[in-house]
Amino acid sequence: MMQPKRRLLGLTVPLAPPPSSAHHAPQHPPPFKQLTSYPAPYYAPYPASQGLAATAALSAPLYPSAPGANQYSTPRSSQAPQAQLYQGPLGIGAPPAAVSAAPCTYATPSSGPQVAVNGQVSAVSPPVLQHYDQTQPVVTQSYKALEPNTGDCAGERPPSGTPSNSVHSSPGHHPGADSSTTGSSSPVPNNYESLEDGSYPDSSSLPPPPPSSKVAPPFGYSYPNLHPAYQQKAPSRTDTTPSYGGCNPPGYQPFSQPFPSMSQLSTTLGGLSGVPELQVEGLRPVNLLQERNILPPSPLPNPEPNLSADLRKVNCSPDTFRCTLTNIPQTQALLNKAKLPLGLLLHPFRDLTQLPVITSNTIVRCRSCRTYINPFVTFLDQRRWKCNLCYRVNDVPDEFMYNPVTRSYGEPHKRPEVQNSTVEFIASSDYMLRPPQPAVYLFVLDVSHSAVETGYLTIFCQSLLDNLDKLPGDTRTRVGFVTFDSTIHFYNLQEGLSQPQMLVVSDIEDIFLPTPDSLLVNLKESRELVKDLLSSLPGMFTHTRETHSSLGPALQAAFKLMSPTGGRVSVFQTQLPTLGAGLLQSREDPNLRSSTKGVQHLGPATDFYKKLALDCSGQQIAVDLFLLTSQYSDLASLACVAKYSAGSIYYYPSFHHVHNLPQLEKFQKDLQRYLTRKIGFEAVMRIRCTKGLSIHTFHGNFFVRSTDLLSLANVNPDSGFAVQMSIDESLADTSLACFQAALLYTSSKGKRRIRVHTLCLPVVSQLSDVFAGADIQAVTCLLANMAIDRSVSSSLSDARDALVNAVVDSLSAYRGTSNLQPAGLVAPSALRLFPLYVLALLKQKALRTGTSTRLDDRVFAMCEFKSQPLQHVMRLVHPNLYRVDDLSDQGALHLNDRMVPQPQLLQLTAEKLTREGAFLMDCGNLLYLWVGKSCSESFIRDVLGCPNHSSIPQNMSQIPEQDNPPSARMRTFLSWLQELRSFWPVLHVVKDDASAKTSFFQHLVEDRTESAFSYYEFLLHIQQQMSK
């Protein structure tokens, strides 16, 4: 008899392991097929025209960088003029001859402006991203009350007055909604694009735009000629009038009021030339070859823009929103001279202690560019305000005349929206295309033999049981579970069953859902069945002999299961997928881990996971990947499923619940935060900027719906983003440049919210002012993103050369304008740490050569650079080193009832270590406590609980709780460091004579290694390159 194609077993849960399939020979998977029809989707499928674009972009390399670049890559030139001089680093422009010529395989020419995100090119209309942050404690100026920041995020809409070029990680966009009643009684748009970009019927009232012949260069440096499919053309502007031209009626006198007008702000600012102390500090020449101790004793303070006190007070917090240049060059030519990248770094959904939450029927926005009203607009009188991005004059709606905080009427400039640069609006139904989705969580678990061996399943089930009541959500929250080895196992948790039922689907070539209506269940109604399943699951596969992994089919099943609603898929994988769609072969050669000639296989081996991620993003599904493995698992391919669906990636090499206790602790801590942190669903984000500026490249985990509208199926408080910008038109008409990021999302409670961040920076016309305002940490992080792209699209050596050239070019530009003698290596004070940070970058796992580095380790380091906020990236690049055997309360930080010691930062060199001391190194996700051989026995006894140095255990990863002051200070300092981050850092206690100290010394970036310069040698190399 012919065997039926689909086999389905209905079994109850407390069972022996599911039957093993016979030996499955690895097969080449058929191309991934999308569902022919979506089961009751909330969002319509992509328009057909977008499908082509999406498919075309799928074969893009892994990482993007410069405009027109591949996804995680820099542009490839089909015409690399050999005679052209290299003028910039990375996406900033590497030597043309070094960029391999390759035809574009995934971008099709189109009539619209071409933009690239993470290196992909797509023809789209210009939308805008938006972002949030503020360092000042926010006053309770909300229509509601000031709410603790516990909710999730809301989506955002696109603007229209500020066209921008951008780089897309994926082409195509979905319909969406993002519009509420605006201050000027504008018609309500019917999708995300019209909501955010503000193309309104009354555009005839705007002054006619003069023809613009300018084509914006893609970045602050000249590029090699690009393949036609990569070239980016500046989108036509709907309004290119001068800042003030055609906006005010002739002879109109602005209404006298306390809030400064734009002209008053201009005169107040005055440029850096009027603030000599800033010039003296930022431009003070530093001879790097003579001044070795350039590292400040405490962490670098966030740079303060040269603004008036009133503007600084309301400006966005640099922890949320910061620019690589705190003084914006007036023209692209001036930016080119500085040889520094212009870009923004965003942490839009970060945890905040206070957040002004505004509930109002009217969300006031510019009728032209759709900017949200903010502290930097100008009120011409009580009834009119001028947009600070496109300069259009808008009406003040009647409702906005009332201030709910002071309960007074007639003072619109005192409303909370105009007093805080970070606010959150409760959005009306106008900002929805469907009812807000519930919180839906699906857990997809590897239960093969290797997975059971690691012991992760027991840890996961226990952690979820402990945090089940803390999952973000409400009474509508739904959960589901899928396990897989060589077959796919579903679990029926329908209310009314006496115990869970396992349903096994063995036909992985044509996956289907056995009972679609009972696999995702209401958590409140089926809580007891969920608890029963989590209690039984670890024991069900204890004796499994299945060694295969059908991850691809399991993800296909998850997509089908989640498509009707959207939500979050959490995938736990422990090995290379070996069966069904998406199967992978090992590509790593262990003998080449220390190669200095180049690193292969940094990009994906198949586009299956990227295609699947794009399909997931279209249905508002984000996929988070937990990789717990002791062998190569091709993270370069697997990571695509998280990158393009706005998910997160967690990596635990050599994980084992018994043999690797530090990784076990990290997994437990990370999992606890992951399950309980706030989350936003079906989000979109847009960034708008002052007319004349444009965005051309994005970095991070997302899907790009259009030029500057990012689709974030999920948004979490631990993700960061970066964008590159260019100056299309002169900013001579204004002395201020503004940037606004808006994030529209659905909270876990089902509320549609809009979080808005606005940043204001001065515009300068002098090259010296540009150098004085350089934010070296932001510059380093943006260059790191660009280098990752370059290493994938071109080569690792090309990326490393471009980083060195970035330092050479910027310091050469400074020397050329400062009339300095060529003797020595001189940098402006603002850039004094630039060579050190770049050298540190070159020694990181992501970019280093000549040091044994596992391929998965390297790829994960690249993923971290691309998706983490600035503070975390900087700890990865340049760790903090402290001496801790003599901690005291002198200069301690007072936090509530705690005294947190603040030891001085030390240079990352063995010269600063002594065998009589103990030193703590903070590497972001790792903490090393190095204990010298002759360290005082009192410290070892009081803090480590050991009688002497020789008795310190080899794998010590915990500081015992001892009842004495040194122990209390040490534990307070450690807990303070650990509390400051979202990813739990593992502590390693390293003895001076232990073999483990090698990894500790690898982080001493100022010292020479067999394959890399010392800091002093690197400075000499820079000087040599500058003299050529």
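This is a predicted model: local features need pLDDT of at least 70, side-chain atom pairs count only at pLDDT 80 or more; totals for chains, interfaces and linings use all residues.

Visitor: What makes strand 27 largely enclosed by the rest of the structure?

Guide: A residue is called buried when its relative accessible area is under 20%. Seven of the seven residues of strand 27, residues 693-699, are buried, so the strand is largely enclosed by the rest of the structure.

Visitor: How do you know that strand 27 and strand 30 pair?

Guide: Pairing requires at least two bridges between two strands. Strand 27 and strand 30 (residues 721-727) have six bridges, in the antiparallel sense, so they pair by that criterion. Within this pairing, Leu693 stands opposite Ile727 in strand 30.

Visitor: Why is strand 25 said to be covered on both faces?

Guide: In a regular strand the side chains alternate between the two faces of the sheet. On one side of strand 25 lie Ile649, Tyr651 and Pro653, and on the other Tyr650 and Tyr652, and all are buried. Five of the five residues of strand 25 (residues 649-653) are therefore under the 20% cut-off.

Visitor: What makes strand 24 and strand 25 a pair, and in which sense do they run?

Guide: The cut-off is at least two bridges. Five bridges join strand 24 (residues 621-629) to strand 25, and the two run parallel, so the term pair applies. The bridge partner of Leu625 in strand 25 is Ile649, a residue that is itself buried.

Visitor: Why are strand 37 and strand 40 called edge strands?

Guide: The open sheet of five strands has the order 37-34-38-39-40, with mixed pairing. Strand 37 (905-906) and strand 40 (986-991) each pair on one side only, and are the edge strands. Elsewhere in the order, strand 38 (residues 918-922) and strand 39 (residues 926-931) run antiparallel and are joined by five bridges, with Ala918 bridged to Val931 in strand 39.

Visitor: What makes the largest cavity a cavity, and what lines it?

Guide: A cavity is space where a 1.4 Å probe fits but cannot get out. The search finds seven cavities of 30 Å³ or more, and the largest holds about 110 Å³. Its lining has 20 residues, with Leu345, Phe721, Gln868, Pro869 and Leu870 nearest the centre. Among the elements that give two or more residues are strand 10 (343-346), strand 30 and helix 17 (776-793). Helix 21 gives the largest share, three residues.

Terms used. Residues are numbered from 1 along each chain as its sequence is written. Side-chain values use heavy atoms; hydrogens and water are left out. Buried means under 20% relative accessible area, exposed over 50%, partly exposed in between (1.4 Å probe, protein chains only). Helices (H or I, at least four residues) and strands (E, at least two) are DSSP runs, numbered from the N terminus. On a 1 Å grid over the protein atoms alone, a cavity is a set of points where a 1.4 Å probe fits but cannot get out, and a pocket is an open set with protein on both sides within 12 Å along at least five of seven lines; lining residues have an atom within 4 Å of a point. Grid points are joined across faces, edges and corners, and a volume is the space filled by probe spheres set on the points.
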